Amino acid sequence: MAQYRFVTKWLLKGTTPENAWEVLKDSNYGDWWHGVTVHVLEPGDEHGLGELRESLFKTKLPYTLSFKSRVSTLERPSVIEMQAYGELEGTGRYDIRQTNDETEILYTWDVRTTKSWMNLMAPLMRPMFEWNHGQVMHEGAIGLAKRLNAVLIHG
């Protein structure tokens, strides 16, 4: 399996960490993130902890990635963490905070691929896979800013 660590930083002006946390906690990513479909398989507790999601990401490169994730940590309004398994396995974590008059969102994705062709191609394709991840995350930043009626400063 090929191992990756991606750290993505989004900066938004005109929203709060609480508002960003609420949208990111909700499983309706497909409503605002272009190329993403999410289905809730199990709802989790009254706060959403333990929720099991199935996600499909259409990427800029000609492939899709499908995986399940379980919400493992919710700390309002600063942390959301999920454990992923399927075609991608690992941990995804949002750290959200206020910096001056901006909301900063750091997404850390420690993941390994399980698709055999991706693992075989990783030595040659790693730069393209990293570029592709960046493109997917940029789409997320644009969509989140629109969803929150905020201005995307960086992402």
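This is a short talk on the fold of one predicted protein chain and a few of its residues.

First, the ground rules. The model is predicted, so I use local features at pLDDT of at least 70 and side-chain atom pairs at pLDDT 80 or more, while totals for chains, interfaces and linings use all residues. Residues are numbered from 1 along each chain as its sequence is written, and side-chain values use heavy atoms, with hydrogens and water left out.

Let me start with the chain as a whole. There are 2 helices and 8 strands; here helices (H or I, at least four residues) and strands (E, at least two) are DSSP runs, numbered from the N terminus. Read from the N terminus, the order is β-α-β-β-β-β-β-β-α-β. The radius of gyration is 15 Å, close to the 15 Å from the globule rule for 155 residues, so the chain is as compact as a globular protein of that length. That radius is taken over C-alpha atoms, and the rule is 2.2 Å times the number of residues to the power 0.38. Along the principal axes, the C-alpha atoms fill a box of roughly 45 × 35 × 25 Å.

Buried residues are 45% of the 155, where buried means under 20% relative accessible area, exposed over 50%, and partly exposed in between (1.4 Å probe, protein chains only). Of the contacts with a separation of 6 or more, 54% are between residues 24 or more positions apart; a contact means heavy atoms within 4.5 Å. The accessible surface is about 7,900 Å², and carbon and sulfur atoms hold 53% of that. Those areas come from the Shrake-Rupley method with a 1.4 Å probe, and for residues only the protein chains shown count as cover.

Now the helices. As a reminder, an α-helix has 3.6 residues a turn, so residues three or four places apart point the same way.

In H2, residues 116–147, I picked out Asn132. Its relative accessibility is 2%, which makes Asn132 buried. Beyond its neighbours within four places in sequence, Asn132 contacts Thr59, Lys60, Leu61 and Tyr63.

On to the strands. Thr73 sits in strand S4 and, at 19% relative accessibility, counts as buried. Leaving out residues up to four places away in sequence, Thr73 touches Leu49, Val79, Ile80 and Glu81.

Last, the backbone in the loops. Most residues other than glycine have a negative phi, and most peptide bonds are trans. Where is the cis peptide bond? It joins Arg76 and Pro77, with omega about -5°. Pro77 belongs to the loop between strand S4 (64–75) and strand S5 (79–86).

Asn100 is not a glycine, yet has a positive phi of about 55°. Asn100 is in the loop between strand S6 (88–99) and strand S7 (102–113), and is exposed at 78% relative accessibility. Asn149, also not a glycine, has a positive phi of about 55°. This residue, Asn149, lies in the loop between H2 and strand S8 (151–154) and is exposed, with a relative accessible area of 69%.
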